[in-house]
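Subject: Structure for your files

Hello,

Here is the structure I said I would pass on. Please look it over; my notes on what was found follow below it.

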Amino acid sequence: MEGKNCLVTGANSGLGYVTAEALASRGATVYMVCRSKERGEAACSKIRAATGNANVYLEVCDLSSVGEIKSFASKFSSKEQPLHILVNNAGWLEQNRVTTSEGLELNFAINVVGTYLMTESILPLLEKTAPDARVITVSSGGMYTAPLTQDMQFSRSNFNGTEQYARNKRVQVALTEKWSDKYGSKGIGFYSMHPGWADTPGVAKSLPDFSQRMSGKLRSSEEGADTIIWLALQPKEKLVSGAFYFDRAEAPKHLPFAGTAGSHVLIGSIYDSLQSLCNLPK
């Protein structure tokens, strides 16, 4: 990975930290996007010490904020640094309905808007490294239960954080397909994956009962991140852009009788509404 530049969101713990460390250990220049400056600095120092790679940098950005992502992308892009790999790893599962200062439901803001806007904003830097450029989005097996819906902010019925998270993760898989269709000719590969149930700080915090019940049975963060790192390292001709991966292999996006397959026709209108919400040019 020497000479390659990688951007990893949510990189101060869990899957993001393991991914950033693995890329740094292979000689990549790694930019860790974290919300907390303090936790980000500690993680950054730890990776530098563990890998002996000084080219590991912290970028502070709150991925629940459209304004902050735009500001970060503008500042980062001004370096005109070509980008080889973007890993959309940052995720959130909030059980209660919380609204951001910009009026967005928090899970949706981070998992959907954050992923969408970061990817769209960084595309020009990825184009510079075509045909090797790739975007890897960390989804979840929870998405298997959730079809796409226009009610992305879960406002039409009683709010359920776990269900909203599953819906968000379905959007990420469908967005990956959409991006592959829209930008594939630019030499960028788009891949989504799910890590299996890994014992990460995020799972412990957002699903404490589940985490306790499954203690000792969950994957480690290293096992969960394995396919992310594999997708970053594989020759592109061995991968399928727009596909969904699990355990280093292409996996189905829909389960039989789950009723999700037909819902992907909605991604065009969902994409358009995200574009409007983020005020991006058509």
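For the angles below, axes are lines fitted to C-alpha atoms, for helices over the stretch in contact, and the angles run from 0 to 180 degrees between N-to-C directions. On that basis, α1 runs at about 170 degrees to β1 and lies across β1, β2, β3, β4 and β5. Helix α2 (residues 37-51) also packs on the sheet, where α2 touches β2 and β3, and the direction of α2 makes about 170 degrees with that of β3. Please keep in mind that this is a predicted model.

The sheet

The sheet is open and has 8 strands in the order β3-β2-β1-β4-β5-β6-β7-β8, with mixed pairing. At its edges stand β3 (56-60) and β8 (249-251); each has a single partner strand, so one side of each is left without a neighbour in the sheet. On average, neighbouring strands are turned by 25 degrees against each other, direction ignored. Within the sheet, β1 (residues 5-9) pairs with β4 in the parallel sense over 3 bridges, and Val-8 stands opposite Val-87 in β4.

In soluble globular proteins, nonpolar side chains tend to be buried together. Here the largest nonpolar core has 41 residues, and Leu-7, Met-118, Ile-122 and Leu-274 have the most contacts inside it. Elements that each supply at least two residues of this core include α3 (66-77), α4 (106-127), α5 (161-183) and α9 (267-277), as well as the strands β2 (29-34), β5 (133-138) and β6 (188-193). The helix that gives the most to this core is α4, with 11 residues. Leaving aside residues up to four places away in sequence, Ile-122 touches Leu-7, Phe-72, Ala-73, Phe-76, Ser-77 and Leu-83. There is a second, separate core of 34 residues; among them are Ala-11, Val-87, Tyr-191 and Tyr-245.

Helix α8

Helix α8 (residues 221-233) has 13 residues, which at 1.5 Å a residue should span 18 Å; the end C-alpha atoms of α8 are 18 Å apart, so the two values agree.

Regards

Definitions and conventions
Residues are numbered from 1 along each chain as its sequence is written. This is a predicted model: local features need pLDDT of at least 70, side-chain atom pairs count only at pLDDT 80 or more; totals for chains, interfaces and linings use all residues. Side-chain values use heavy atoms; hydrogens and water are left out. A nonpolar core is a set of buried Ala, Val, Leu, Ile, Met, Phe, Trp, Tyr and Cys residues joined through side-chain atoms within 4.5 Å. Buried means under 20% relative accessible area, exposed over 50%, partly exposed in between (1.4 Å probe, protein chains only). Helices (H or I, at least four residues) and strands (E, at least two) are DSSP runs, numbered from the N terminus. Contact means heavy atoms within 4.5 Å. The expected span of a helix is 1.5 Å times one less than its number of residues. Two strands pair if DSSP finds at least two bridges between them.
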